Amino acid sequence: MSDSRRREPEAPIAERVRALEDALEAKGLVPEGFLEKRVEQAQENFDPRNGARVVARAWLDPAYRARLLADGAAASAELGFRAANSEFLVVLENTDSVHNVIVCTQCSCTAWSVIGLPPDWYKSPAYRARLVREPRALLRGMGLDLPEEVAIRVWDTSGETRFMVLPQRPAGTEGWSEERLAGIVTREALIGVARVAAS
Amino acid sequence: MDGIHDLGGMSGFGPVEIERNEPMFHEPWEARAFALNTLGIRLIGAYNVHEYRHAVERIDPAGYLAAPYYERWFTAVATLLVEKGVVTRAELEARAGGGFPLARPAADVRPIRVTPSAQPRFAKGDAVRVRDIHPAGHTRVPRYVRGRRGVVVRASRAFEFPDLAGHALPAHLEHTYHVEFDARELWSDAAERGGTVIVDLWESYLEAGR
């Protein structure tokens, strides 16, 4: 299956995907509705709003926060977010002195059940190449300027453990409901390239 | 393999732009490609997730960097379904009406007999050194930590050894460790101040440090 011999021009990607689907269908290998259902299921379950709810609960409930930091998968499952590819979920707590941020340098592994499918910037060669080497400069370029005294811990998802950042609760959110708090937690904050802002 | 996918630490890339309100899929074919992988792994059972990752790694390096994420994803799925004999490249080309790029063949990796340690060999706080290994096939030890010294911050769980599972070979469960490296150990004088990198590594990638 080498690509070494000269071939005719590549078919457009949409045509190639359709061709594989048709070929599998012709062999009776695609049950009716299977692909549609899988996409729907992904859209329903792999959603950063899940992680946002986990974070909001942890901000409000110290006992839940302790359970979350001890066993991320079990604590997320308490809220109904069961791990898909994140059987072992480690939650990383940001503090005044330590900022955690996640990457997958070799592919784009992410905790789908709480962060969702990874966004394009997370999958980009630039992010994967630069974060482990120049996190402070890269984050600054992405709009997160961390003070020099804050240590940056970069977590490379090179194994089967999945990670999620527990961001710091912003000032000015005292008395907010869990729902309102969840509404300000972004996917970027769950990965660690942004802070949560009270607006 | 020391492939293009192993990007950690490379220079020359530009800024990273965040797309506001990014949709899960940008094009309908991306969603279909996503679901076809589930079909290949779970329903047809033609391959496992480690083989999938390795098929992405085997994509021609220039094509790897040029292709959008789900195109790499799809090329890996198509490659594996052709290699496993589920479909042929000729029939895909005929149906697509043009060339159908696939990943390059895998290296010939042989089964190895491993007696995994029942108890983790390392514990939290242990100094370790990453072995300077260069496997020809699939591996999950990034180049930028090979030969480097770090400290175990978590003795994690045991998972299937990817270097074997990535070639459909019988894979044992092996302990994994979260190992923290000082930025200066990795990047020397080029390191930023006050930083560490934690990498998730299988036990056989490591030896006792110091």
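B:Glu19 sits in the segment before α1 of chain B; helices here are DSSP runs of H or I with at least four residues, strands are runs of E with at least two, and both are numbered from the N terminus. B:Glu19 counts as exposed because it has 10 C-beta neighbours inside 10 Å. For these labels, C-beta atoms are placed from the backbone, and a residue is buried with 20 or more other C-beta atoms within 10 Å of its own, exposed with 12 or fewer, and partly exposed in between. Leaving aside residues up to four places away in sequence, B:Glu19 touches A:Pro119, A:Asp120 and A:Trp121. Contact means that the C-beta atoms of two residues, placed from the backbone, lie within 7 Å. Along the chain, B:Glu19 and B:Ser156 are 137 residues apart, and 34 Å separates their C-alpha atoms.

A word on the model itself. It is predicted, so to speak of a local feature needs pLDDT of at least 70 and side-chain atom pairs count only at pLDDT 80 or more, while totals for chains, interfaces and linings use all residues. Residues are numbered from 1 along each chain as its sequence is written, with chains lettered from A and ligands numbered from 1 in the order in which they are written.

Now to the meeting of the two chains. In chain B, 69 residues are in contact with 65 residues of chain A. Elements giving two or more residues to this side of chain B are α1, α2 (49–57), α4 (69–83), α5 (89–96), β2 (149–160) and β4. The most comes from α1(B), with ten residues. By class, this side of chain B holds 38 nonpolar, 13 polar and 18 charged residues. Ala, Val, Leu, Ile, Met, Phe, Trp, Tyr, Cys and Pro count as nonpolar, Asp, Glu, Lys and Arg as charged, and the others, Gly among them, as polar.

Strands pair if DSSP finds at least two bridges between them. Strand β3 (residues 151–156) of chain A and β4(B) run parallel, joined by five bridges, and A:Ile152 has B:Gly195 as its bridge partner in β4(B). Within chain B, β3 (residues 173–182) and β4 (residues 195–202) pair in the antiparallel sense over seven bridges, with B:Asp182 opposite B:Thr196 in β4(B).

Finally, the domains. Chain B is divided into domain 1 (1–106) and domain 2 (127–208), with bounds from an automatic or database domain assignment. Their C-alpha centres lie 25 Å apart. Twelve residues of domain 1 of chain B are in contact with 13 residues of domain 2 of chain B, and the domain 1 side divides into two nonpolar, five polar and five charged residues.
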